[in-house]
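Open the model in your viewer and keep the sequence panel beside it. We will go stop by stop.

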Amino acid sequence: MADNDLYPRIYEICRTIPAGRVTTYGAIARAVGVASGARMVGYALNASIESENAVPAHRVVNRLGQLTGRAYFPGDTMRERLKQEGISFTGEYTVDIEKHFWEPGEKMQA
């Protein structure tokens, strides 16, 4: 896969994350075929925030359910958006990953 195809594929997956669900940087990386590319997914999402390619990046958390991307959202926007979608939390900035996890690999295979 060419590098110039990677960000659009990441964005495509992010746009399919259902409201009320979250996925992880690593799960997206595996779905696009870059098994150890979780950091690359973070870079792609950061790039999308300031472009017309904005995606629902608030639905992407780390493998523990922590809102590690919240620094890229103004104020407490990431947490508030998730709460509005019915996401429950096990800590102040940790979603209940077992309850709300969505596997992007299943969507890509369908």
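pLDDT is the predictor's confidence in each residue, on a scale from 0 to 100. This is a predicted model, so start by colouring it by pLDDT. The protein averages 89, and 88% of the residues score at least 70. Select strand E4, residues 94-95: its mean pLDDT of 98 is the highest among the elements. Now select helix H6, residues 104-109, which has the lowest mean, 62. Where pLDDT is low, the predicted coordinates should not be read in detail.

Next, the core. Show Ile10, Cys14, Leu45 and Val95. Of the 27 residues in the largest nonpolar core, these four touch the most other members. Helices H1 (3-15), H2 (25-31), H3 and H4 (77-84) and strand E2 each supply at least two residues of this core. H1 gives the most, with five residues.

Zoom in on Cys14. Beyond its neighbours within four places in sequence, Cys14 is in contact with Ile28, Leu45, Val55, Pro56 and Val60.

Which residues in H3 are buried? Select Val41, Ala44, Leu45 and Ser48. They sit on the same side of H3, because they cover an arc of only 95° around the axis.

Last stop: Arg59, in the loop between H3 and strand E2 (60-61). Is Arg59 buried or exposed? With a relative accessible area of 12%, Arg59 is buried. Its side chain reaches the backbone oxygen of Ile17 at 2.9 Å. Leaving out neighbours within four places in sequence, the contacts of Arg59 include Pro18, Arg21, Leu82 and Glu85.

Note on methods: Residues numbered from 1 in each chain as written. Predicted model: local features only at pLDDT ≥ 70, side-chain atom pairs only at ≥ 80, totals over all residues. Heavy atoms only, no water. Buried < 20%, exposed > 50% of the residue type's maximum accessible area, 1.4 Å probe, protein only. Helix = DSSP H or I, 4+ residues; strand = E, 2+ residues; numbered from the N terminus. Arc of directions from axis to C-beta. Polar contact = N/O pair within 3.5 Å; in protein donor to acceptor, adjacent residues only side chain to side chain. Contact = heavy atoms within 4.5 Å. Core = buried A, V, L, I, M, F, W, Y, C linked by side-chain atoms within 4.5 Å.
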